[in-house]
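Thanks for coming. I have one model to show today, and I will go through it piece by piece. Please have a look at it first.

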Amino acid sequence: MTRMRARLLVLHVLVLALLVVLAVRLWQVQVVRGQEFVTRATETRTRAVIVPAVRGQILDSSGRPLVRNKTALVVSVDRTRLSRMKDGGVKVLRKLSAVLGRPVSDLQQRITPCGPGVGKPCWTGSPYQPVPLDEKVDTREALQILERQEEFPGVTAEIHSVRQYPGGRAGAQMLGYLQPVTEAELEQREGLKASFSGVDLAGRDGLEYVYDDALRGKSGLRRVQVDRMGKALGVEEQITPIPGDHLVTSIDSRVQAVTEKALDRAMKSAPSADGGAAVVLDARTGRVVALASAPGYDPEIWAGGISARGYQWLLSEKSGKPLVSRAINGQFAPGSTFKISSVSAMLRAGYPLNGHYSCPGSYTVGGRAFNNFRGISLGTLTLHTALVKSCDTIFYRAAYEQYLKDGGRFPKRKPKEIFANMARAFGFGKPTGVDLPGESAGRIPDRAWKKDLWQKTSAINCERSRKGYPEEKDRARAEFLKRLALENCTEGFLLRPGDSANFSIGQGDVLVTPMQLARAYMALVSDGKVRSPRIGWAQVRPDGKVVRTIPVPVVGKLPLSEKERLYIKHALSQVAADGTAAGAFAGFPMNKVRVGGKTGTAEVWGKQDTSWFASFAPTKNPQYVVVAMVSQGGMGAQTAAPAVREIYEGIYGIKRKPAVPGGRLTTRLPRFAPDGTVIRG
Amino acid sequence: MTARTAAVRRPSLLRRITAESSTVRRLDGLMLVAVAGLCVIGTLLVWSSTRTWAPGSTGLVKKHLLNETIGVVLCVIVAAVDHRAMRAYAPLVFLLSLVGLALVITPLGATINGSHSWILLGGGFAVQPSEFAKVGLLLIIAMLLAQPAEGTDRPRGFDVTLVLFAAAITLGLVMLQPDLGTALVLAVITAAGLIIAGVRKRLIGVLTLVAGAGVFAVFYFQMLEPYQVARFTAFVDPSVDPRGVGYNSTQSLIAIGSGQLLGKGLLGGGQTTGRFVPEQHTDFIFTVAGEEFGFLGSVTVVLLLGVVLLRGLKIARQCEDRFGTLVAGMIVCWFAFQTFINVGMTIGIMPITGLPLPFVSYGGTATFANLIAIGLLQAIRIRRQSFN
C-alpha cells in the first residue's frame, strides 16, 4: 500500500498542477485579454448596416425643386446569407430573376464584389452591406418578395430615396450627379464611418459635388444582432440618420427652361454647330440665374448606376461630350465681345475718351495687312461708334502702338502689356471661381505665355523644321507647315506684332469661357466690381431654418473711372438697337426693355466661326447679363444674338407669359414651413 | 418515561443518520456538495444554450433534469453496495459493457452528430455504451490488479497481461465507432490503474514507448479520420481555417474571453444566444459558463471539479484495500483527464476532442456514468476501514 500511496501523491500534485494551469489560462483569456474578445464578439455577433441619410434637395430661387428625391422600392440581396446557403444562393437568385425579369447571370454579376478580373457591373461596396439589385421595382414585385420572405431568404425590398430631376435635361451639367462613394473618399469624411458600406453616395460633379457636405447629411447605423447563420435576431443599436440640408440656388427654373430652349433652337439653326452655352447672371447680385450647355443629357442616366456604355456615350466625340459643360469648360476666342477689355486698355494707355479715331479698311501691322470686317472703311469714329459699329483697325493700331512701346519683338525688361493686363483685370485668364468643379481658366496670350509655350514645343518644331512633313500629301501645305515650324522653332518665344493685333479684337490665341465673359460684362455694367458668380444661394435645414447664406465674393475691380465705365456701357447699349445686333433685335420692343450688348464672331482655324453675343438688360440699372455662345455657329449676330433675344423675350414675356413677372428677380429666399415644404406666394 | 423503555426503542431516524457511526456521517459531504453544485450549474447552462433552439422553449432542461434524477438514483444504489462485493460483479459488468459496445457496431447502433456510438431505445432516448465501458473497464482492471504478487506489493505479470488484453478489446471496440475521445479516456484509465497498482517503472517506460509508436502509426498510416487530423492542425494554428476547423476554437475563445471578469449574466451571452459556438450544450458547455458567468463563474466550475478530484484522491489514499484504492484512483484520473481536455480545448490549450465536461455537459449516459462513479467513490469512503 505504501507504493500505491506514493504514486497517488504524485497524482495529487499532477491534479493540482492541472487545476492551476486552467485557472491561470482562464485569468489570461477572460481578464487580461477580455476586452479584445469583447471587441471580436461584437464583430461576429453584430452586423452594422448603414442607413443612408435622405439627401437634401436642390431648389431654385423660389423653392421649386431642381433635384428632388423620390422614394423607390429597392430590392437588395444580402450576400453573406446567400453564401452560407448550400448552393451559394443560386436557387434564391433564380427565383428573384423570375420576379424581376432579369437574367440570373446579370444578378450574379451585380452582387459579385469588384476586384481583379471582375468588371462592371460589380459590387463596389462592403461585402456585409446588402447589395441593391433593382431600384425600379414596382409595388407588385416588391410585395411578392416581402410576402414570401421564407422563399426569398436574404432578399429585402426597402424604401430608399433616389434622385429625380423635375426639369428633365435642364442644367444637367450644372446639377451634377451621384455615384457610390469609394472607400478612400469615405476615409476622408468626418463622422460616422464605422464601416464602408457602399450605399453611401457622393456628388461627383456640379452642385452635387461642390455642396456634397451640406446635401448628404449624416448616415445612420443599425447594428443588427445576428446568429451564426446570419439571421437577424434584433437591433442592438440604432443611430438615426440626419437628413441633408437643402441647397437653395439662385437659378430660376423658368428662366432656365427658357434658356435651354433658346440654346437648343440656336444650335439647330446653325448647321454645323457642335456645342453651345448660355449664361444668365443677376447683374445686381452676381448670382447665376440660368446656366445651360448644349448638347445636354438626361441625368436619369445615372439612376441605379450607370453602365459602361452609357458613361462612354457621355464623354464621346460622336455624341458631342454632353457631360462637359461648355459654360465653364468651353474655351473659345471671344471675338469682338472682347473689345470691352481692349477699349479699356486704350483708355489706360492714354488714348482720350472723347478722341476721334480713324477706322480705315485695313491697317498694316508688322508688314502684314490686318483688315476690318469685310475690309470696309468706316471713316473717323469716336470710341463709342467704334464699339457700336465694331471697327477693328482702331484696336489694331492701338495694340500695335503699345506693342512697339513695350519694345516690340525685343521687349524691355518690364513690358507694360497694358492690353493683357486689362484682360486680366476683367477676370479673363483665370477661373471665375463659380461654385462648380473643374472650371477652365481660359488663356491670355502675353509674352510670358509665349515663352512658356515655346519651351514646351520648340523641340518638336525644330525637328519638324529640319525633317519637314513627309506624310503630308499636299506639297504646298507641307512646305507651309515646314516654314511655320521653322519660324516657331527660331522665334516662337517672341510675341509677334500680329499677335498683339489679333489679341486686341479677341482673336488668335486668346480663349475665354462663356462664364468669364458674362462676369466681365457684369462687372462693366453693374458697379465695376469683378465678382465670383454663385449658383448656391443658401443652405437650408430640412425644417426650414437657414443654416447659411452663400455670399458672392468680390474678387477684383475694373481699373476704370465711373465716367469711362458708363461711357463704354452706354456705347454697348446701342448695339442691339442700332449696331451690329440690330438685325437680330429687329422688332424687339426696345422701348419696353432696352437691351445692350456686343456681338462676337471669332474665327477658328479649319472650322466655322464661333458665334457670341454678350448682353445686358435693361440698359438702365441692368438686372440681367446674358451671354450666349455657339461653337461653329457662324456670326454673332446670326446665331448667338437671336438666342439671347429669345431668352429676354421669355424673361419679360414679350410674346407670352413672362418667366419672371416684371423682369425683377426675387431678392428674398423662399420661405419654408416647419415641415420643410416651401410656402408659396 | 423510563430509561429501560428508551433502551429498548430503536433511536429515531434522525438520530441514526446523525450518529457518529452512521453511514451518512461517513459520506464525503464536501464532494457531494461540489457535485450537486456542478449539476445545478450544468442545468442552468444547458437551459441557456438550448432555449434558443425554438422560440419560447426551455430546450433540453427537462430532459437533463430527468437524466440527473436517474443518475442520482443510480449513485445512491451503487453507494449502498459494498465495493468489495463489487469485485465479484466486476467481470459481469465488464462483459455487459463489451456487449453494449458490440451492439453499437451491429445494425442496432445509430449515428448522432457524426459519431456512431449510440443505441436508440425509442421514445427519444438513446444510450452511449462507451460511457458505461469506462466503468466496466475500470472495475475489471481494479479486480485484476487488486491481488499483488506473492510477497510483493506489485501486480502479477499475468494479471498485467490480462489488463492490457481487456483494455485492448474495449479500446478496439470504441475505435471502431470511432470515438477518439473516449478511447483516450480508456487509455488513461488503464495507464492510471497500472501505475497506481505499482507496476515497475521499466514496464511503464515500455508501455509509453508502445503507446508512442501506436500514435505515430495512427498518424503515419492515416488511420484517423480527416477531421481529426484537421482538429490537431487547427489546434497548432487556429488561423489556418478560421471558418472551418479553426472556427470552433476561435468562437469558443471569443465566447469565453468576452465574458471578462463578471460575465454577461445568465441568458445574457450574445455569443451563446447567437449560437456561434457549435455543440454548446455538450462538449462546449464550458463556453456558456465563461461568457455568462465570467472569470469568477468559470473558475468556480474548475474549483468545484477540483474539489471532486482532490476529495476523490483523499478517498483513494484513505482506503485500506487495494481494490478500493485502485477504483478511486482511476476514477479521479478519468475525471481529471476529461476536465483538463474539455476545459483546455475551450480556452485554446488543448486540441478539440469530443469529450463532455463531467457533471456539467448535457448527455444522459455520461451523466449516469459520472454519478455511478461518484457512487463508487462514496461506497469506498463509507467502507474505507479494512476489516479483513
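Start with helix H4 (residues 90–100) and helix H5 (residues 104–111) of chain A, whose axes come within 9 Å and cross at roughly 115 degrees. Axes here are lines fitted to C-alpha atoms, for helices over the stretch in contact, and angles run from 0 to 180 degrees between N-to-C directions. Helices (H or I, at least four residues) and strands (E, at least two) are DSSP runs, numbered from the N terminus.

This is a predicted model, where local features need pLDDT of at least 70, side-chain atom pairs count only at pLDDT 80 or more, and totals for chains, interfaces and linings use all residues. Residues are numbered from 1 along each chain as its sequence is written, and chains are lettered from A and ligands numbered from 1 in the order in which they are written.

Back to the pair. On the H4(A) side, Leu93(A), Arg94(A), Leu96(A) and Ser97(A) meet Val104(A), Leu107(A) and Gln108(A) of H5(A). Contact means that the C-beta atoms of two residues, placed from the backbone, lie within 7 Å. By class this contact has 4 nonpolar, 2 polar and 1 charged residues. The classes: Ala, Val, Leu, Ile, Met, Phe, Trp, Tyr, Cys and Pro are nonpolar, Asp, Glu, Lys and Arg are charged, and the others, Gly among them, are polar.

Next, the sheet. Chain A has an open sheet of 5 strands, in the order E12-E11-E23-E22-E21, with antiparallel pairing. Two strands pair if DSSP finds at least two bridges between them. Why do E12 and E21 of chain A each have one side without a neighbour in the sheet? Strand E12 (287–294) and strand E21 (596–602) stand at the edges, so each has a single partner strand. For E21(A) and strand E22 (residues 610–617) of chain A, the antiparallel pairing runs over 7 bridges. One of the bridge partners in E22(A) is Ser611(A), which pairs with Thr601(A). Helix H24 (residues 636–652) of chain A packs on this sheet, touching strand E11 (275–282), E21, E22 and strand E23 (624–631), and its direction makes about 35 degrees with that of E22(A).

Is Ala273(A) buried or exposed? Ala273(A) is buried, because 23 other C-beta atoms lie within 10 Å; the cut-offs are 20 or more for buried, 12 or fewer for exposed, and partly exposed in between. Ala273(A) and Ser631(A) are 358 residues apart in sequence, yet 5.7 Å apart in space, C-alpha to C-alpha. Leaving aside neighbours within four places in sequence, the contacts of Ala273(A) include Val630(A) and Gln632(A).

Last, the interface. The contact takes 33 residues from chain A and 41 residues from chain B. H1(A) supplies the largest share of the chain A side, 18 residues. That side divides into 18 nonpolar, 5 polar and 10 charged residues.

H1(A) packs with helix H14 (residues 285–318) of chain B at an angle of about 180 degrees, with axes 10 Å apart. The two are therefore roughly antiparallel, a label for angles over 145 degrees; under 35 is roughly parallel, 65 to 115 roughly perpendicular, and the rest oblique. Their contact divides into 16 nonpolar, 6 polar and 2 charged residues.

Chain B itself has 16 helices and 3 strands, and 50% of its 388 residues count as buried.
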